[in-house]
Structure formats: structure tokens, C-alpha cells
Amino acid sequence: MKNSLLALSAVFALFMTSCSNDDDTSEENLTGSGEISIKFDNGYNGNDLVLGTANAANANDEVITVNRLSYIVSNVSFINKDGEEYVYAKDDSYFIINQETEEDQIALADIPAGEYTTVKFGVGVDQEKYLQGAEGQGDFLTLAEENNMMWSWQAGYKFLNFEGTFTSETITEATEFKIHMGSHGSSLDNYKEVTLTLPENVVVGDGIDSNIHLKIDASKILVGGTNSIELTEKQVIMVDAEKSPQIAVNTSEIFVVDHIHNGNGH
Amino acid sequence: MNDLQNTKILYRFLSCVCVSFFTVLSYSNNNTHTLDTNPNECTTHIHYDGEYFDFCDTCGCGSSGGSMGYGTGLNNNFIGLRYIGQEYRSRDGIFADSPWIKENFNTIQAWANVPITKRAILNVIVPYQFHNRVLPDNTEQNINGIGDISILGYYNLLKATPDSIVSIKPEHYFQLGGGIKMPTGKYDKDNNEGSVNPSFQLGNGSWDYVLAINYGFTYRNWGISTMANYTIKTKNPKDYQFGNQLNLGINAFKTYYVSDMAITPIIGLAEEIYGTNKEIGFDVADTKGDVFLGKLSVEASYNRYALGLTGMLPISQNLNSDKVELRNRVSVYLNINL
């Protein structure tokens, strides 16, 4: 009796301490196709980005109030766990994220069933698309105009429209700033590609729609890992051969994957 | 922090390892001579209500409130009603300043411990839940209804001292139990969407299986009780599976006699550990976690009636990647001993 009791207790203790369960049912039901949506959740240095509200001072001691944040996202592709890339149909692969209109999610339908490890997209409009001329842009041209993402057709798209006011040590009165970054025709190419490795695979298939939730840090547009730009020095950055490419690099670094929702399509 | 870690390790050690150790020890003790020959008539009046563990019956991590009162005691068969109130807050969003949503989980349980044989006990819990939360847009969401009914059987491996014999040596009990938790509570998929607490549900929606172990002893009017239980949760019809759950608890209590009443203050520690939830077989991010709680409780018994009051506060926690926080738990119960 004593022995059986000991054995029982031991079995129980073992069972109690083994807290994980690994009954992976993945893959077996992955057929057909599904939708992957990507949420661009705009934030500012870890906090939520609220338009018209002052944010904490950045590394350059500038206190920024954002009044507008819009950017173009394009050419989405997914790399599956076998390393194969699925490129979303190019003509359908141009989107505008706009904080003012709360346009913060893009939906990519009919992605072939599978598990994807990586998402890639571009910030802005690539030269290939631009060189298709005004007719080649389809509805996106109108969409861009409606969202203040065009200078003029010749000048091209604004890839990023970042506006607001700021104060700094030397500029104590709230002062407007405008950062419009784009490619300026074909003379300066500011289109950038972003590659994000997912913390866990995103899964799609028939009946399985999934979501990639990105956390955006808009403070990095000015104070990024690569370039630090002071508004105190220049408040309007548009066609600027030096600062505009720096902004383009910084903007490509604002995206981080927060989490994946597999199977509940949001 | 080190102290806390050490406490937790010590505590787990106590709850898990000592259960077997003490039991074997006590088993052999049963055959040895009585150490003290002074009869103490109070001992037989001790209620074993220290083993009413205030784990509650809700869903996944966070609000799962770690299962329920699977704890039973020797000589302690009862029917009763228990109210459990739990306050949580969960973060609606991914940012450091995303708003917290306050969530109140309320449960009224009809519960009973019914003797089947001398050593076997049937434990039944029928919960009714009424939960509410206020969303950031100030709309209030209420859900209410019956929760998941659980039925467990326990077998006491130790012979109880017959009531007629007054014993002054430590009296041990050691119970193994198992049972089911039925999907009688409604699981609403919509409540799981968005980034707020996925456990805002009336039930898991799944057939779950419970394994339980209780060990304790009383000596004179002192007592120690420990418990551990593990809930294996299965996939529900919406293809959602809450993570398995381990609950541990240890309590110390002492009974005082005031005229006809017995007053038992209880001090305890509890830990709940949750596995990751799965949806269509894939891990749901930020759903595992653990919470370590301190507990203070007092029970007053008179004749066949026992009235208990319990408060629990988290000592440390990491639920849903800190997106869910347990604030407190309270419970009140009224039992009639059979």
C-alpha cells in the first residue's frame, strides 16, 4: 500500500508539474486560401498616437503634436516556411494608412493556404508603378489625391504626410512643421522596402483568416535608429535632397510586429 | 524579488512534494503509538473548512480564477452557497497608455460535498455567473447565466478516525480526485475578439477534465491543508481551446471556541498557472500566465452552519503578458454540514 501510494503521488506530482500541451493540429486542414489583414496601429514612442495631443519630448528635446499622419504601403508579399514568396497582385497592392480617417488596416484576400514566416511591403510607390504613367495608376491616383498624398502628377506621390506643431528649447512658441516625403518624379527614389520576420507564423486557409498587428512608432520618423532630424533646424521638409532620403530610411524603420491573430480574422 | 521567487519555490515544494511525503509519513504514523495520552475533547469539533479553496470558476487565463473550490475535507460534507467576486482590469490596446478596462466577475455557486461511501465523496458545483465590464467608449457589457457545472469524485486514501474516538494525535487526510467540468456555460466567440481579456465568458464551451489531490492534517485545534488540481481543457465547438490550468494552495488555520461558536481564522497562499490558449490549433498570443495570491479568511460555525468570508490579493502576477491584471477576489459562503 505504501509503495502504491508513493507511486501514485509521484505520478500525480509529475502530471501536475507538466503544464504544457502540445497537440498541434496545425497544417492538416490547410487548403484553399484565406485573407491576411495587416493592422497598422499608429503609436508614438510606446504610447498611442492621438492627433492634436502633445507627446513627450523626443531625444532632441522637441515636443511634437501630430496633426496628420498618412503613409503609402504597397507591394505586399509573404514568404512561407519553405522560403517561397507569394507576391500579392501588384495592381491591387497599393494602400493608404491615414490616422485622420482611421484607415489603419489593409486586407489581402485569397492568399494561398499555408504558414508564412515573413511579410514584406514597400513604403511609397515604386518607380516601376510610377513610370506606368497616370493611366497606369488606376483608382489609386484618385485615392491618393483624396488623402492628400499627391503633389501633382509630375512631382508624384507623397509617401509620407506627417504634419503638426512642435516646441523645442529654442523655439518655445508652438510652430508648424510639415514633412512630405516622396520620390520627386524619377530624379530621387525614396521608395523603401520593409521586411518583417513574424514572431510566430501567420496561417491562412479555407475558413482561416488571420491578422498581423503592427505597432508603429511615429517618433522614429524624426529620431530613428539611422538618422536624427531636428525640426528646430528645418520645419518644412519636402523636396530636400539630403533630409528627404533620411526621412525615407527612418520611416522604413517605424514598423514592428506586435502580435499575430491566427484564425479570427482581425 | 529573490525573496518572492524563493517563497514561490518553497511554496510549490510544500504543495507538491510534501503531499506525498507527509502522506506516507502519516500513513505509517497511523500504526504507531499515541504520543500524547491527554484527551482533548475539542479536537473532534474542528471543522475542516480551511480546505475550502477559493478558486473560482471562470475561463482562460486571468479571469479563469483558477478553477474552483475542489477542496474538500475529511468529515466535512455539506451543501452550501458561495458568492465569489473577482475584479480584473485588462488593457484595451497594445500601447503603454492604452486604456484599462475594469472587469467584474461575479459567481454564485451552489456546491455540495456528499458522502458516497465511508471514503468516497462526491463534489458538485453549479455556478451562476454575472459578469460586467465597461468598454473604453463607456458602453457597458453584461453577460450572465449558468456557468460550467463540475462533478468530481474523491477517494480518501487514509482511514478516518471514527467520530466516537477522541484522538489527540495529528489527524491526516489524503484525497485523490477526478472529474469533469461540463460545457453548460455559454461560450461567445465575439467576447474573445479584440485585445481585451479573452476570459470574459460564462464558460469554456468545452468538456474539461479535472485531477485533484488534497492533503491536510489537524492537530488539536491547529490545521494545515494543501491542495493541487490540474484542469485539462479540450477544444470547444468554436475551435477555441483554453490553456490547461494548475492550481496550488496551502492554508494554515486555528480554531477558537467562543461559547457555542467555533471561529477559524485561515491564512493561505495560492498559485494559478495557465497554459496558452489555442484557436484552430494555433497558439493565441498573450494568453498564458500565472498569479500568486495571498489569502486571509475567517469562518464562523455554529451548530451545523458555517459562514465564511475570504479575501485574496495578488502578491505577484503575469497574466496575458501583463495585459490582464487581477485586482482582488472576495468570497462569502454559507454551508450546512451534513
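## Basis and conventions

Residues are numbered from 1 along each chain as its sequence is written, and chains are lettered from A and ligands numbered from 1 in the order in which they are written. As the model is predicted, local features need pLDDT of at least 70 and side-chain atom pairs count only at pLDDT 80 or more, while totals for chains, interfaces and linings use all residues.

## Confidence

pLDDT is the predictor's confidence in each residue, from 0 to 100. Its mean over chain A is 89. In that chain, 88% of residues reach 70 or more. Residues 16–26 of chain A stay under 50. For that stretch the model has 17 contacts beyond four places in sequence. Two residues are in contact if their C-beta atoms, placed from the backbone, lie within 7 Å.

## The two chains

Chain A holds five helices and 14 strands. Chain B has one helix and 17 strands. Both element types are DSSP runs, numbered from the N terminus: helices are H or I with at least four residues, strands are E with at least two.

Chain A has 266 residues, of which 37% are buried. In chain B, 50% of the 338 residues are buried. A residue is buried if 20 or more other C-beta atoms lie within 10 Å of its own, exposed if 12 or fewer, and partly exposed in between; C-beta atoms are placed from the backbone. Take contacts between residues at least 6 apart in sequence. In chain A, 78% of these join residues at least 24 apart. The figure for chain B is 67%.

## Annotated domain

An unreviewed UniProt entry lists residues 34–238 of chain A as "domain: Copper-binding protein MbnP-like". UniProt positions are given in the numbering used here, feature names are shortened, and annotations may be inferred rather than shown by experiment. Over residues 34–238 the chain is 7% helix and 50% strand. The end C-alpha atoms of this range are 39 Å apart.

Strand β9 of chain A spans residues 156–167. Nine of its 12 residues are buried. Two strands pair if DSSP finds at least two bridges between them. β9(A) pairs antiparallel with β3(A) over eight bridges. A:Tyr71 has A:Leu160 in β9(A) as its bridge partner. β9(A) also pairs antiparallel with β10(A), residues 175–182, over eight bridges. There, A:Phe166 stands opposite A:Thr175.

Strand β8(A), residues 150–152, runs antiparallel to β9(A) and is joined to it by two bridges. A:Ser152 stands opposite A:Gly156. A hairpin of three residues links β8(A) to β9(A).

## A:Arg68

A:Arg68 sits in strand β3(A), residues 63–80. With 16 other C-beta atoms within 10 Å, A:Arg68 is partly exposed. Leaving aside neighbours within four places in sequence, its contacts are A:Glu100, A:Asn161, A:Phe162, A:Glu163 and A:Gly164. A:Ile216 is 148 residues away along the chain, and the two C-alpha atoms are separated by 14 Å.

## Helix α5

Helix α5(A) covers residues 243–251. Its buried residues are A:Ser244, A:Ile247, A:Ala248, A:Asn250 and A:Thr251. Seen down the axis of α5(A), these fall within an arc of 165°, so they line one face of the helix. The arc is that of the directions from the helix axis to the C-beta atoms. The buried residues of α5(A) pack against several strands of chain A, including β3, β9, β10 and β11 (192–204).
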